[in-house]
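Grab a pencil and work through these exercises on the structure below. Try each task before you read its solution.

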There are 4 protein chains.
Amino acid sequence: MAMTGVLRPGHVAIRVLDLEEGINHYKNVLGLIETGRDKQGRVYFKTWDERDHNSVIIREADQAGIDFFAFKVADKATLDKLDADLNAYGVKTERIPAGEMLETGERVRFEIPSGHQIELYADKTDVGNGMAYVNPDPWTQDAERGIAPIRLDHCLLYGPDIEKVQDIFVNVLGFYLVEHVVLEDGETDLGIWLSCSTKAHDIAFVRHPEPGKLHHISFLLDSWEKVLRAADIMSMNKVSIDIGPTRHGITRGTTIYAFDPSGNRFETFCGGYQSYPDWKPIKWTWDEVGAGIFYHDRALNERFLSVVS
Amino acid sequence: MAMTGVLRPGHVAIRVLDLEEGINHYKNVLGLIETGRDKQGRVYFKTWDERDHNSVIIREADQAGIDFFAFKVADKATLDKLDADLNAYGVKTERIPAGEMLETGERVRFEIPSGHQIELYADKTDVGNGMAYVNPDPWTQDAERGIAPIRLDHCLLYGPDIEKVQDIFVNVLGFYLVEHVVLEDGETDLGIWLSCSTKAHDIAFVRHPEPGKLHHISFLLDSWEKVLRAADIMSMNKVSIDIGPTRHGITRGTTIYAFDPSGNRFETFCGGYQSYPDWKPIKWTWDEVGAGIFYHDRALNERFLSVVS
Amino acid sequence: MAMTGVLRPGHVAIRVLDLEEGINHYKNVLGLIETGRDKQGRVYFKTWDERDHNSVIIREADQAGIDFFAFKVADKATLDKLDADLNAYGVKTERIPAGEMLETGERVRFEIPSGHQIELYADKTDVGNGMAYVNPDPWTQDAERGIAPIRLDHCLLYGPDIEKVQDIFVNVLGFYLVEHVVLEDGETDLGIWLSCSTKAHDIAFVRHPEPGKLHHISFLLDSWEKVLRAADIMSMNKVSIDIGPTRHGITRGTTIYAFDPSGNRFETFCGGYQSYPDWKPIKWTWDEVGAGIFYHDRALNERFLSVVS
Amino acid sequence: MAMTGVLRPGHVAIRVLDLEEGINHYKNVLGLIETGRDKQGRVYFKTWDERDHNSVIIREADQAGIDFFAFKVADKATLDKLDADLNAYGVKTERIPAGEMLETGERVRFEIPSGHQIELYADKTDVGNGMAYVNPDPWTQDAERGIAPIRLDHCLLYGPDIEKVQDIFVNVLGFYLVEHVVLEDGETDLGIWLSCSTKAHDIAFVRHPEPGKLHHISFLLDSWEKVLRAADIMSMNKVSIDIGPTRHGITRGTTIYAFDPSGNRFETFCGGYQSYPDWKPIKWTWDEVGAGIFYHDRALNERFLSVVS
């Protein structure tokens, strides 16, 4: 968590082209647990090890993509302070009342210069992770149903004006820059990786002319062997794999990129280092960006920069 | 890092009975990098992936054990504020001038009710991790020299009055309780695991009549396969293994406990979950403490509660 | 397989004290697939990846232990030749008609000097491993039900006269010696590890005054991470673990020993090298037998030499 | 080993375009141990865990590719018998005297219909694997120098008339078919995977108009984590990776294909099942050949069928 009281990525709302197909993917292939459906027709999921009621919400729409990405904050006072700080900085915010999302408290929503809707909230019902809070086992059978990630970990968003986005995340919300990729000019950032914790990234952005686009949402696995298992399950289910298993140079994580049936890219990854705000950020130059993104191939595939939802 | 600005465990000072034997252990078996020796005769080490100048300091003495354990804080202002907060709480502090330890800034030292010396500091020279800050590889050859942990991760200390210790760590320094073990009365804590970050523990305490004792210092590895490799290297070097490879119920980490040549216990571990301060702490009852400590054997070995240095 | 046509360990018959408890263990905890029950009340199992109808057979009895251990041979001609060779060597054999065991052809049974019943057979119905013989996936859901070993791999038997046993296995059946442990006299073997293939052991013997005893039957897992998972599942099911996870010096395998509810020891292991008959056998001396058996602890636990069924 | 006495792949002779570059690759990147150079200018290597004097021999030439691939057999009598059997079948053989290759006995060489030179031999000096034959450790420091495979495992050769090749390997040398891929006609084999042991393949062939071509030589690693490490080391050394880390559908192995500096493809792989001659072969149909070769991508890359040396 950041010293400002921003704790972690809390939920993401995704649009899918066919709801039943989407439910099948997120429940049976990715292996999330369905925790509810609301009267708007949204379906709620969490991973087996998350304690809060939901982290992934899908709805049917004509176009795939992301509706909003949210961070949980420490408490109501933090929520109010960050809302005020955003306004003071010049970011307009909107209050969405508690209960608009199932088992979720009041949310503060705002648009960032890259065109994405970001939310903060302080409350979501603790429904447990299926293990007791007294003398728990280390995992449950749900840890082996589908790909079964540990948690929603981060997302990578594509849009313009990422230096303005960075300024808000760093100077208002308390994130810090962990790694960045510079363009051929050696100065302008192509991409930035930001953390509000000791994770190497809680959110990342790549410069892109079209606002509000999703590159991928990412789910954490707990070993490289689980990355292999995820790739096997993808193939068994004819999931379209973008790339992987491989390693990122950036963050050192091991990874697979693949697509849900609507074309939303998702990542299942493991590893990478843990970072701290006193660390000097790592820079990737344009000639080595291939190794930065896909360390083994040392080259971007063309989909990485062009295919978003 | 905690919202108070406490970042992470930064250094530990250990006493060894024979300096050359100790250097051989920490350098060649554990695989740390020696970074300096001072005029007091102390020898400084860091892990291959740590960027700050030192994390483990050893000196020769008649009795093994721990001299002090320190946390790095965000900056000088944080250091001063925490110093003032400690005093306001009633904890006496001492200022140790910059340079008393190699490449390390001013330290604030204080004794906690368990009888241990704890330090805070804001500055330690960044000497890098052997990889460039521009286009780095994910690891270096030093990652395979000896056991080669990633970082000094935490310690477990034994002493009295651990509820008073908890109060200082939580209410002054901003830590939170992650797990605890209660005694047969169902109320009194035998042990507490505390975090100032999203790590499942940055420091832990077990109730013990004698003050100031060390149970173990702990080093992070990045996979269960590296835990096996560590056990192999221990056996090749005739290191005395206490227990493991096994899993902890508490924190879910996979682990080996072993002893340095002077009898200081150390742990090389991997995994475990990442925690957040909004999480309800996990409780272990007395009848299940065996599974909590050593999940596979479901029983404590007698050394766990009695052998400390 | 051996040049004589002995292919591999094919089935083992085990006695359990309570049949329902035994079925629960072998089916739900070990994760074998039940493939049939016969009119004698025996229950048949196979692993998820074995193709032949059965490999583990249990029956209820007043005393735990092993009834017989069998090797599959290449074909009927091989069976007849080995039967004749055994007789020529002086080993009495008995023919058990096809069908006495479910889906299993005629068996040649003989007692070896250690007091164990060994069988050879050429036919057992191929019931498949749940994956097609055309375009198969690499694994099925049964690969994650319980501990889910890949195959029955070998057994370790305790009894007298193991040099006579070795002579039969080597000179009649075509096995070769891979490793051995010598007693304090530096000459007499305490234990021998024998292979009829490129596996480091297909059967092993330890010298013991009482004939016909079982030390353990062993099941193969495909990674060290699966060894950890096996230990976790054992603890979740309160299976009594003898030792592990750890590594053997002998064969280099990584391992857990545990007990079924009747006290029959079983092993779930991974790894170890592959050997060839032109290799010089590895010898372990009495002073290093601890490291040979349990490489990390470098000491036998007292159960290893005394507890058998 | 086969029932005929063919033990295992023993050595491969490879042509490289620049000897020093080749030595650097095989010694420092792949991590083999150089064991000698002969007066013809050939350089000999073995893996850290092989006991025989050499397994990979390179020489400088104008064109990359393979000179010959050899199998060790049980003894001189086996060598003579197989030589006679080959001649009886109609395969011409040539005797190469002992000592023509360093520390290697007499070889029987013959050309197979695919245009490759195959050799059999019975003797190669045991130089040990760096660990004692008495009370050995499980591995040495050489196991972590470069990619450090365990052994030369198999090769995949491209050429015509692979059904004639199969007939010789099966009916004269005692191999058996483990898997095969059929062309669109559903009958003609595109590729065949053959074993003389319990390995899923000791040699494989793909139908190709040009005779005598090498697709890859393959080296065994002992875990999926070592496959990741191999890919990292390749990237650190700017080795050109063809594909991987990924999984094969055929044999289930996990794998990387890459190229030595001369363009000879090599594989570093792990896992896959162990097979037996009584097993029904697995068939891959033309429409699923992509999943058979690269299970995760479910598609061949164009290099797989066209780039050989």
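Before we start, contact means heavy atoms within 4.5 Å. Helices (H or I, at least four residues) and strands (E, at least two) are DSSP runs, numbered from the N terminus. Axes are lines fitted to C-alpha atoms, for helices over the stretch in contact, and angles run from 0 to 180 degrees between N-to-C directions. This is a predicted model: local features need pLDDT of at least 70, side-chain atom pairs count only at pLDDT 80 or more, and totals for chains, interfaces and linings use all residues. Residues are numbered from 1 along each chain as its sequence is written.

**Exercise 1.** Find out which strands of chain C helix α2 lies across.

Solution. Start with the helix: α2 of chain C covers residues 76-89. Next, list what lies under α2(C): β1, β5 (65-73), β6, β7 and β8 (117-121) of chain C. Last, the angle: α2(C) runs at about 150° to β6(C).

**Exercise 2.** Work out the strand order of the open sheet in chain C.

Solution. Two strands pair if DSSP finds at least two bridges between them. Follow the pairs and you get β2-β3-β4-β1-β5-β8-β7-β6, 8 strands with mixed pairing. β2 (33-37) and β6 (93-96) of chain C each have a single partner strand, so one side of each has no neighbour in the sheet. Now zoom in: 4 bridges join β6(C) to the antiparallel β7(C) (residues 107-111), and Glu94(C) has Arg109(C) as its bridge partner in β7(C).

Note on methods:
Chains are lettered from A and ligands numbered from 1 in the order in which they are written. Side-chain values use heavy atoms; hydrogens and water are left out.
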